Amino acid sequence: MKETATAATTEEIQDEVATIGIDTKADSEINGQSEVGAGPSKSAKKKAKKKAAAARKADAVETGGPEGLEEAGTNRDSNVSAESSSVQSAETSGIAGKKKKSKGKKAIVQTDPPTVPVADLLPGGLAPEGEWQSYKDDQRWRETSEEKRAQARLQDQMINEVRQAAEVHRQVRQYMRGIIKPGIDMTYMCTTLEDTVRKLIQANGLEAGIAFPTGCSLNHIAAHWTPNAGDKTVLQYDDVMKLDFGTHINGHIVDCAFTIAFNPKYDPLLNAVKAATNTGIREAGVDARLGDIGAAVQEVMESYEVELDGKTRQVKCVRNLNGHSIDAYQIHAGKSVPIVKGGEQGVRMEEGEFFAIETFGSTGKGYVNEDLECSHYMKNYDVGHVPLRLPKAKQLLGVIDRNFGTLAFCKRYLDRLGESKYQMALKSLCDNGVVTPFPPLCDQRGSYVAQFEHTIYLHPHRKEVLSRGDDY
């Protein structure tokens with residue numbers, strides 16, 4: 001019944017539409033149709049549209065009445081909603097994908113104990129800069145000079161290598177501070193430190209590695225002591241230890257030292273030396289007179305006192321120990337930076353120079369002498385060909401040339417390379433002036449010496465304390 005009535009109605013409407021000249025198209029096309037020429041009247045069109053709408057409604061009712069209409073509308077809405085959700089989901093997935101992609105490569109961090117080479121931790125291969133300081137008043141103009149800034153940029157590659165060596169030094173000393181405790185074996189301490197340096201700097205012959213033996217001089221010994229094979233020295237609570245070690249990349253040396261004392265009674269001694277070293281750094285700069293730096297250091301150092309065993313002692317500068325200039329593969333490059341007044345009056349610092357600013361304070365006489373068994377050695381920088389009679393001496397010299405060049409070394413380093421029975425050969429090299437021994441330097445027994453040291457570079461526009469860290 002319903003089907004016959006609906007069909008008849010639809011046919012009637014179509015006949016009427018044909019009569020007035022309207023094409024039976026989808027209502028979307030009817031709505032969008034434009035009048036051309038003399039078409040049907042507006043009222044006729046309106047009437048035809050109403051009838052077409054009534055027919056569609058009847059068809060919808062046929063499929064399920066008003067519910068059918070509602071369902072059809074719901075289906076259309078669902079389709080649109082699904083499509084919208086799909087687009088939104090795709091966009092969200094794209095964003096998530098991008099986020100995942102950006103987080104795919106995790107940042108490398110240092111391990112504990114440190115084993116990751118510092119070069120792998122540097123973003124873009126750029127090492128962190130040291131502490132920048134302005135030159136004193138008469139050289140302050142350099143800071144705003146475009147010419148000086150341009151000159152500084154020409155040295156970026158070389159300076160980046162030194163900064164990387166300085167970063168190795170900072171990370172190693174931070175680690176060592178955590179493991180150095182009373183009772184630690186000194187040989188174990190030194191080998192641990194040196195092995196850590198080798199890992200972090202990616203030691204490779206003369207291209208990168210340790211710049212000189214680890215100095216761990218105790219109490220009245222001011223410098224140049226490290227344990228030889230078989231030494232059983234153990235660090236004690238009441239010891240004052242100077243930990244002095246160096247790193248290098250392509251011969252660019254970072255020379256840096258600090259003092260460890262567990263007993264707080266030594267704090268005034270350490271504070272005096274640290275303040276004196278910082279004074280030396282502040283006074284250093286292009287055209288600075290070395291003698292003036294020494295006078296400023298002494299004034300600060302000797303303003304401190306320390307009470308030990310019920311006696312108050314003035315902290316004295318060790319007057320025959322100095323800071324020094326540094327050159328490629330040359331730890332002592334010719335200029336000395338005194339720590340007392342009166343020395344090196346005519347000598348000035350120059351642009352482009354590296355300096356180790358180091359000070360030593362003592363509760364003793366403030367003067368050191370060579371003493372004890374020698375452990376430090378270094379091939380002379382300017383030595384030419386020297387005829388050697390002992391075959392073992394020639395062979396040992398070859399080992400030194402290949403592994404250390406003109407950088408300092410110690411007997412433990414020769415042992416590590418598998419050398420044995422080299423004492424006679426080493427003595428022959430020393431006697432012939434090819435190698436120089438550096439025995440420990442000691443103040444009077446019963447006294448205590450402290451040391452702090454930093455490496456600085458005199459840029460054309462400012463100075464940089466390359467080895468500065470959060471610790472000192």
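The protein has 13 helices and 18 strands. The coordinates belong to a predicted model. Of the 472 residues in the protein, 46% are buried. Among contacts with a separation of 6 or more, 76% join residues 24 or more positions apart. The accessible surface comes to about 24600 Å², and carbon and sulfur atoms account for 50% of that area.

The cavity count comes to one at 30 Å³ or more, and the largest cavity has a volume of about 30 Å³. Its lining consists of Gly280, Ile293, Val297, Gly323, Val337, Pro338, Ile339, Ile357, Glu358 and Thr359. By class, six of the lining residues are nonpolar, three are polar and one is charged. Helix H10, residues 290-301, and strand S11, residues 354-362, each supply at least two residues of this lining. Strand S11 gives the most, with three residues.

## Cysteines

A search of the whole structure finds zero disulfides. Cys216 is buried, at a relative accessible area of 0%. Cys256 likewise counts as buried, with 0% relative accessibility.

## Helix H13 and its surroundings

Helix H13 spans residues 423-431, and its buried residues are Ala425, Leu426, Ser428, Leu429 and Cys430. In an α-helix there are 3.6 residues a turn, so residues three or four places apart point the same way. After H13 comes Gly433, which has a positive phi near 75°.

Lys411 lies in helix H12. Is this lysine, Lys411, buried or exposed? With a relative accessible area of 8%, Lys411 is buried, because that value falls under the 20% limit for burial. Neighbours within four places in sequence aside, Lys411 is in contact with Asn228, Glu373, Cys374, Ser375, Tyr377, Tyr422, Gln423 and Leu426. One of these partners, Leu426, is also among the buried residues of H13.

The loop between H12 and H13 holds Lys421. Lys421 is not a glycine, yet its phi is positive, at about 50°. In contrast to the buried Lys411, Lys421 is exposed, with a relative accessible area of 79%.

## Backbone features in other loops

Asn250 is found in the loop between strand S4 (240-249) and strand S5 (252-261). At 32% relative accessibility, Asn250 counts as partly exposed.

Where does the model place a cis peptide bond that involves Pro113? The bond from Asp112 to Pro113 is cis, with omega near 0°. Pro113 is found in the loop between helix H4 (65-102) and helix H5 (118-121).

## Val315

Val315 is found in the loop between strand S7 (311-314) and strand S8 (316-317). Although it belongs to a loop, Val315 is buried, with a relative accessible area of 0%. Which residues are in contact with Val315, leaving aside its neighbours within four places in sequence? They are Leu269, Ala272, Met301, Glu302, Tyr304, Glu305, Val306, Gly361 and Ser362. Two of these partners, Gly361 and Ser362, carry numbers that fall within strand S11 (354-362). Val315 and Gly364 are 49 residues apart in sequence, and their C-alpha atoms are 8.2 Å apart in space.

## Accessibility of the residues discussed

The table gathers the relative accessible areas of the individual residues described above.

| Residue | Relative accessible area | Class |
|---|---|---|
| Cys216 | 0% | buried |
| Cys256 | 0% | buried |
| Val315 | 0% | buried |
| Lys411 | 8% | buried |
| Asn250 | 32% | partly exposed |
| Lys421 | 79% | exposed |

Note on methods: Residues are numbered from 1 along each chain as its sequence is written. This is a predicted model: local features need pLDDT of at least 70, side-chain atom pairs count only at pLDDT 80 or more; totals for chains, interfaces and linings use all residues. Side-chain values use heavy atoms; hydrogens and water are left out. On a 1 Å grid over the protein atoms alone, a cavity is a set of points where a 1.4 Å probe fits but cannot get out, and a pocket is an open set with protein on both sides within 12 Å along at least five of seven lines; lining residues have an atom within 4 Å of a point. Grid points are joined across faces, edges and corners, and a volume is the space filled by probe spheres set on the points. Helices (H or I, at least four residues) and strands (E, at least two) are DSSP runs, numbered from the N terminus. Ala, Val, Leu, Ile, Met, Phe, Trp, Tyr, Cys and Pro count as nonpolar, Asp, Glu, Lys and Arg as charged, and the others, Gly among them, as polar. Buried means under 20% relative accessible area, exposed over 50%, partly exposed in between (1.4 Å probe, protein chains only). Contact means heavy atoms within 4.5 Å. Accessible areas come from the Shrake-Rupley method with a 1.4 Å probe; for residues, only the protein chains shown count as cover. A disulfide is a pair of cysteine sulfur atoms within 2.5 Å.
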